[in-house]
Amino acid sequence: MTKQLIFGHKNPDTDSICSALAYQSFKKQLGENVEAVRLGSLNKETEYVLREANVDAPRLIEKVEDSIKAVILVDHNEFQQSVDNIRDVKITEVIDHHRIANFETNDPLFVRVEPVGCTATILTKIFRENNITISEQDARLLLSAIISDTLLFKSPTCTPEDEKIARELADIAKVDIEEYGLAMLKAGTDLSDKLVSELLAMDAKEFTMGDAKVEIAQINAVDIAEIYTQQEELEAEINKVIEERNLDLFLLVVTDIINSNSEVLALGNRSKHVETAFEVELLANRALLEGVVSRKKQIVTKLGDTF
Ligand code: MN
Ligand code: MN
């Protein structure tokens with residue numbers, strides 16, 4: 001059989017990278033011809049994870065090469081978050097934990113979607129269901145993805161199953177979960193060498209809400225105020241992106257990973273929707289969202305409802 005590629009979403013996070021790598025390892029143990037690849041550069045957190053796990057980063061692709069006939073999607077399904085030529089390739093599998101939207105295929109496929117906190121949680125179950133041993137290295141990758149997506153179990157997207165599986169993976173990986181988890185999350189907040197444009201693109205996802213095109217970018221921080229010392233530059237860059245991509249709303253979510261709050265910056269002709277959705281007033285385009293840390297569970301749903 002010809003090679004299949006496995007990849008997560010654009011602007012990959014730790015789950016998108018580690019789930020692609022772990023699923024590659026699972027498939028290889030079944031004798032399948034697969035390659036984990038990525039659709040963008042690694043963030044600092046993921047770099048830390050791969051360095052600690054002693055694993056090379058997956059190959060970067062711009063588009064799926066003509067020689068590849070089929071792909072497997074992990075950690076996403078919405079086409080605008082996937083590779084640009086996704087419509088030209090056959091999708092054979094999707095393993096995900098997000099809403100299903102803008103998803104359509106010509107052929108039947110395997111879809112495994114569960115409302116859990118992380119793709120890696122589902123993958124761990126798939127390893128077990130198939131009696132495939134989880135190596136120490138794969139356990140570390142899967143664990144890191146769960147820590148990342150659940151912000152060390154503090155996000156409301158985290159289910160008891162995510163935490164239970166993470167603790168079992170920590171045993172296999174011989175990792176102290178709290179110590180390693182905090183170090184990993186902190187590594188991701190080192191933004192010292194990032195350009196403003198890079199900050200906005202690092203963890204950005206595009207959504208269709210009603211008839212509107214909405215981009216939501218998230219930055220994890222230990223000090224929210226520090227990010228907003230650059231508000232002017234951020235706004236200039238966001239306005240550029242809005243113009244270039246014809247967006248109706250750009251929402252920047254800066255999340256305090258220690259205190260579990262977010263302060264958002266909203267720009268675009270539909271920014272009023274942010275005030276309605278969260279019952280806040282934007283002051284200088286900004287508002288504090290108490291207790292909000294999850295884009296998926298606390299932002300996309302609420303905001304989507306107002307469109
Ligand atoms: Mn993700
Ligand atoms: Mn995920």
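Mentor: Buried means a relative accessible area under 20%, exposed means over 50%, and partly exposed lies in between (1.4 Å probe, protein chains only). This is a predicted model, in which local features need pLDDT of at least 70 and side-chain atom pairs count only at pLDDT 80 or more, while totals for chains, interfaces and linings use all residues. Residues are numbered from 1 along each chain as its sequence is written, chains are lettered from A and ligands numbered from 1 in the order in which they are written, and side-chain values use heavy atoms, with hydrogens and water left out.

Trainee: Which residues coordinate the manganese ion (ligand 2)?

Mentor: Donors are N, O and S atoms within 2.8 Å of the metal (3.2 Å for Na, K and Ca); water is not among the atoms, so sites may look incomplete. Along the sequence, the donor residues follow the spacing D-x59-D-x21-H-x51-D. At 2.1 to 2.2 Å, the manganese ion (ligand 2) is held by Asp15 (OD), Asp75 (OD), His97 (NE2) and Asp149 (OD).

Trainee: How many residues apart in sequence are the parts that Asp15 and Asp149 tie together?

Mentor: Both residues are donors to the manganese ion (ligand 2). Asp15 belongs to helix α1 (residues 14–29) and Asp149 to helix α4 (residues 136–150), so the separation in sequence of the parts they tie together is 134 residues. Helices here are DSSP runs of H or I with at least four residues, strands are runs of E with at least two, and both are numbered from the N terminus. Asp15 and Asp149 are both buried, and the separation asked for is 134 residues.

Trainee: Which residue bridges the manganese ion (ligand 2) and the manganese ion (ligand 1)?

Mentor: The two manganese ions lie 3.5 Å apart.

Trainee: Is Lys174 buried or exposed?

Mentor: Lys174 forms a salt bridge (a side-chain nitrogen of Lys or Arg within 4 Å of a carboxyl oxygen of Asp or Glu) with Glu136, and the closest N and O atoms are 3.0 Å apart. This pair links distant parts of the chain, since Lys174 sits in the loop between α5 (160–173) and α6 (177–188) and Glu136 in helix α4, 38 residues apart. Glu136 is partly exposed at 41% relative accessibility. Lys174, at 64%, is exposed.

Trainee: What is the relative accessibility of Glu215?

Mentor: Glu215 meets Arg245 in a salt bridge of 2.6 Å, N to O. Arg245 lies in helix α9 (residues 231–245) and Glu215 in strand β8 (residues 212–221), so the pair joins parts 30 residues apart in sequence. Arg245 is partly exposed, with a relative accessible area of 30%. Glu215 counts as buried, at a relative accessibility of 7%.

Trainee: Which strands are at the edges of the open sheet?

Mentor: The sheet has five strands in the order β7-β8-β9-β10-β11, with mixed pairing; two strands pair if DSSP finds at least two bridges between them. An edge strand pairs on one side only, and the edge strands are β7 (204–209) and β11 (286–289).

Trainee: Which residue in β9 is the bridge partner of Ile219?

Mentor: β8 and strand β9 (residues 249–256) pair in the parallel sense over eight bridges. In β9, the bridge partner of Ile219 is Val254.
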